[in-house]
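Please keep the sequence and the model side by side while you read.

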Amino acid sequence: MVTLPNAAIVESRAKLIIGLVGDYSLDTRGEIPKLYEQFFAIRDGIKHRVSDVLYGISMGAKPDGSFRYGVGIEVEEAEDLPEGACEMHLVEGEYVVFSQRTPIAELPERFDAVFAEWLPQSDFAQREGAVFECYPDDDSPEDGKMLYEIWVPVAPK
């Protein structure tokens, strides 16, 4: 069993993300790092950046475990996109946020714990909108660990 950090409920504005998207399943999600490598090859060609904070976005989850996953950065407007890049939209509203610093290999099990353990026991239900990871600037890096946040759009039950 995974011990999640304390959850924070935050209000977020809508965000426009530009990046790359692929199709995955629970069996193939281990291939997502390749999408990040492809994204880093085009990142410098993305205009109108808000910051260099990286987003990993899970969209369109289906009962069979398949989903779309995108990686990108926030922009003010989508203009002259690099080849293969697309727009992704993060909706405004309430999110539950889990900020943590772990080996990145632990991300899938922590992600699963949010949905299998925390959410069913909480006073919240997932609402419409993409679930995402945010990789903020890290001013206190630790060897072998990465700072990341898991964001889930929620509404009171």
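How many salt bridges does the structure hold? The structure holds 10 of them, a salt bridge being a side-chain nitrogen of Lys or Arg within 4 Å of a carboxyl oxygen of Asp or Glu. This is a predicted model, in which local features need pLDDT of at least 70 and side-chain atom pairs count only at pLDDT 80 or more, while totals for chains, interfaces and linings use all residues. Residues are numbered from 1 along each chain as its sequence is written, and side-chain values use heavy atoms, with hydrogens and water left out.

One of the salt bridges joins Arg68 to Asp23, with the closest N and O atoms 2.8 Å apart. Arg68 lies in strand 4 (residues 67-75) and Asp23 in strand 2 (residues 15-24), so this pair ties together parts that are 45 residues apart in sequence. Helices (H or I, at least four residues) and strands (E, at least two) are DSSP runs, numbered from the N terminus. Arg68 is partly exposed, at a relative accessible area of 40%, whereas Asp23 is exposed, at 58%. Here buried means under 20% relative accessible area, exposed means over 50%, and partly exposed is in between (1.4 Å probe, protein chains only).

Another salt bridge is formed by Asp138 and Arg101, at 2.7 Å from N to O. This pair links distant parts of the chain, with Asp138 in the loop between strand 8 (131-135) and strand 9 (146-156) and Arg101 in strand 6 (residues 93-102), 37 residues apart. Lys145 and Glu142 also form a salt bridge, their closest N and O atoms being 3.9 Å apart. Salt bridges link Arg101, Asp138, Glu142 and Lys145 in a network.

Now turn to the nonpolar residues. A nonpolar core is a set of buried Ala, Val, Leu, Ile, Met, Phe, Trp, Tyr and Cys residues joined through side-chain atoms within 4.5 Å. The largest has 33 residues, and those with the most contacts inside it are Tyr36, Phe39, Leu54, Tyr69, Ile150 and Val152. Apart from this core lies another, of 12 residues, among them Met88, Val97, Phe132 and Cys134.

Which aromatic pairs can be found? The whole structure has 14, where rings of Phe, Tyr and Trp (its six-membered ring) pair if their centres lie within 6.5 Å, and planes under 30 degrees apart count as stacked, over 60 as edge-to-face and the rest as tilted. Tyr55 and Phe132 form a tilted pair, 5.7 Å centre to centre with 55° between the planes. Tyr55 lies in strand 3 (residues 49-59) and Phe132 in strand 8, so the pair ties together parts that are 77 residues apart in sequence. Tyr55 is buried at 4% relative accessibility, and Phe132 is buried at 1%.
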